[in-house]
Amino acid sequence: MAKSVMVAYALWAAGGPLGLHHLYLGRDSHALLWMLTLGGFGFGWVREFLRIPAYVGEANQDAEKGRKRPPTMAPPPVGPVRFAGQVCVGIYFGTVALIGLNSLNFFYLIVLPLCVGAGVHLVSSVGQQTSDLQKTMTTCLITSSLFYGSTLSPLPISLAASVTAAQHRKFKPTQRLESKQELGPRLFRLGLAWLAFSAPLGYCIFHNTTATLYYLSDCVAALLDIFWFLPWLRSVVEYILLMPYRILCVFTGGGYYEEAWRKVLEILLREYTEKEKEALKVLSLQPEASLEEITHSYRELAKTWHPDHNPGKDAEAMFVKIHEAYEILLRRHKPHRFR
C-alpha cells in the first residue's frame, strides 16, 4: 500500500520527535534514533519538514513489487549531515554510558567504546545506507585504549568511529516484500532497544542524582578548562551552556521553576565537585579560599610533610596527597587567571 505524504506530515507534527512518521514509512532505524534523541535533539525534526516528500518517495519505491536497487560497486555519497550526526550521537551514547554504566568492570576498555560505536552505527544505518559494524566497533575499541580514563574520551572515540563508518559506507541489501515484518514485532524490537538505552540512565538519575550532577559538573568543568587561555571564548561557551536557563526564564517569568533551574545550574557550573571538596579538606581551606590562599596553604603543608624534613612513615603518602589536592584546586582556578 502506497504511503501518503499528508499522513507522514500529520505524524511528523503529532509525534515527530518520537519518530512516528519514520515508523509509518518503515524506517525503523531512523525511528529508534529519533526516540533516543527526541528528534535528533530537535534540529533533525525541524529539518525533516523539507525531507518528508523524499522519504515517502523512497518508501513507495521500495514497496514496488519486483523492484531491486540497481547493482553498483560505488558507495553512497558522503553526507556532512550524516557524519555530524554520527559524531554527536556517538558522544551522546558515550555520555549516557558514563553516567549510567561507569561502575561496570572494564568500562573504559569495553563498555564505553561499544556504546559509542552503537550510536555511530545507528546513524550510519538510517535510510538506505549502512556501514561495516565490525570495523566500526574495532576502531572504537582501539581508540578507547588510547584515551583510557579520560572524561572527554567519547569525543575522540566517536570521531574515529565516524571516519571508519564513512569509509566503509554501503547501501543496504534490498529487502523483499514478503520478508518485511508486521508492526507488532517491529514495535517489540524498538521497545527493547529503548528500554536497554534508558534503563541504566533512569536508574542513575532517580537513585544516584547527586553523583550524576557531580559527573556533569566534571564534564562541564573539563569543557570550560579547554578554553582557559581564551577567557572571552570561555565566556561564550558558558553563555551557551546557560542558554536553557535563560530561555526558561523568558517563558516562565521566574518563580519556582527559575529558582529550581538556578540551583541545578549552580551545581553544574559553580559548586565544588567531590574531589575538590576533598582537596579543600586536605589543605584545610574554606570553599571561598582564593588562589593565593590555596598556594600559601600548599607551600606550608608541603614543607611540613616533605619526606626530607619529616621522617614519619606516612610523610611521603601525605606529601603526595597534598600535591594532588593542590593540582585539583589549581585546575579549578586556572581559567580565572587571565580575567
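Modeller: Keep in mind that this is a predicted model. Let's start at Gly 42, which sits just after helix H3 and takes a positive phi of about 90°.

Colleague: And H3 itself, where is the kink in that helix centred?
Modeller: On Met 35. Helix H3 covers residues 28–41, and the kink in it is about 90°.

Colleague: Is H3 mostly covered or mostly open?
Modeller: Mostly covered, as ten of the 14 residues in H3 are buried. Among them are Asp 28, His 30, Ala 31, Trp 34 and Thr 37, along with Gly 39 and Gly 40.

Colleague: Okay, let me zoom out. How many helices and strands does the chain have?
Modeller: The protein chain has 17 helices and two strands.

Colleague: What share of the residues is buried?
Modeller: Of the 339 residues in the chain, 36% are buried.

Colleague: And the contacts, what do they look like along the sequence?
Modeller: If you take contacts between residues at least 6 apart in sequence, 68% of them join residues at least 24 apart.

Colleague: On to the inside, then. Which residues have the most contacts in the largest nonpolar core?
Modeller: Those are Leu 283, Leu 285, Ile 294, Ile 322 and Leu 329, in a core of 17 residues. Helices H15 (274–282), H16 (291–305) and H17 (315–333) each supply at least two residues of this core.

Colleague: Which helix gives the most to it?
Modeller: H17 does, with six residues. Apart from this core lies another one, of 14 residues, which includes Ala 31, Trp 34, Val 96 and Phe 197.

Colleague: Now the outside. How much accessible surface does the chain have?
Modeller: About 20200 Å², and 64% of that belongs to carbon and sulfur atoms.

Colleague: Which residues form the nonpolar patch on the surface?
Modeller: Phe 106, Leu 109, Ile 110, Leu 114, Leu 141 and Tyr 148 form that patch, and together they have about 580 Å² of accessible area. Helix H7, residues 107–124, gives the largest share of the patch, with three residues.

Colleague: Why does Leu 114 count as partly exposed?
Modeller: Leu 114, which lies in H7, has a relative accessible area of 36%. Partly exposed covers the range between under 20% for buried and over 50% for exposed, so Leu 114 falls in between.

How values were computed: Residues numbered from 1 in each chain as written. Predicted model: local features only at pLDDT ≥ 70, side-chain atom pairs only at ≥ 80, totals over all residues. Heavy atoms only, no water. Patch = residues over 30% accessible without salt bridge, like charges linked within 9 Å, V, L, I, M, F, W, Y side chains within 5 Å. Areas by Shrake-Rupley, 256 points an atom, 1.4 Å probe, with all protein chains shown as cover. Salt bridge = Lys/Arg side-chain N within 4 Å of Asp/Glu carboxyl O. Helix = DSSP H or I, 4+ residues; strand = E, 2+ residues; numbered from the N terminus. Buried < 20%, exposed > 50% of the residue type's maximum accessible area, 1.4 Å probe, protein only. Contact = heavy atoms within 4.5 Å. Core = buried A, V, L, I, M, F, W, Y, C linked by side-chain atoms within 4.5 Å. Bend = angle between axes of the 7 residues up to and from the residue.
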